[in-house]
Amino acid sequence: AAATVKEDIMQVSQVMTAHPVTVTPTQNVRDAAEIMKRIDTGFVPVGDNDRLVGMVTDRDIVVKGLAAGKDADCKISEVMTHEVLYCRDDEEVAAVARNMGENQVRRLPVVDRDKRLVGIVSLGDLSSDGDPSAAGVALEQISES
């Protein structure tokens, strides 16, 4: 009976977007902005040899880059966020959704047990394929602040 219950619990690996587009710390901000435009997102993980080393957002580019007097040729390492929240691919969807709400984030990089970047999970992924109530609670927490 315990095995049946386990199978009913959705894991992040079942709802995440696999093989995310990444940038490296040595690429320039223009590269990150072009990727964001192409895939219609404001967030790109920064990877170095399959390892998650940071993330860069459209806000990072504007605030830490342009507003700080840097140009589009500056390195991503100059504007990226090094402290990155992430989740593991074998975590339960409901727990990850709660964590996203508590931390006020709409998307998270997903790593495997070896800390290799394997995907991205968004609140949309969680609500369409996972537990819609968990994602709803997370979104309410984000929208309130």
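**Exercise 1.** Classify the exposure of Lys64 and find which side chain Lys64 meets in a salt bridge.

*Solution.* Lys64 has a relative accessible area of 32% and is therefore partly exposed; buried means under 20%, exposed over 50%, and partly exposed in between (1.4 Å probe, protein chains only). The model is predicted: local features need pLDDT of at least 70, side-chain atom pairs count only at pLDDT 80 or more, and totals for chains, interfaces and linings use all residues. Residues are numbered from 1 along each chain as its sequence is written, and side-chain values use heavy atoms, without hydrogens and water.

Next, take the partner. A salt bridge requires a side-chain nitrogen of Lys or Arg within 4 Å of a carboxyl oxygen of Asp or Glu. Lys64 meets Asp60 at 3.4 Å, N to O. Asp60, at 8% relative accessibility, is buried.

**Exercise 2.** Determine which residues are joined with Asp90 into one salt-bridge network.

*Solution.* Start with Arg88: its closest N and O atoms to Asp90 are 3.1 Å apart, a salt bridge. Arg113 also forms a salt bridge with Asp90, at 2.6 Å. The shared partners join Arg88, Asp90 and Arg113 into one network. The whole structure holds 5 salt bridges.

**Exercise 3.** Asp125 is buried; state how far away the nearest side chain of opposite charge is.

*Solution.* Lys and Arg count as positive, Asp and Glu as negative; His and the chain ends are not counted. The Asp125 side chain does reach the backbone nitrogen of Ser122, at 2.9 Å.

Definitions and conventions: Polar contact = N/O pair within 3.5 Å; in protein donor to acceptor, adjacent residues only side chain to side chain.
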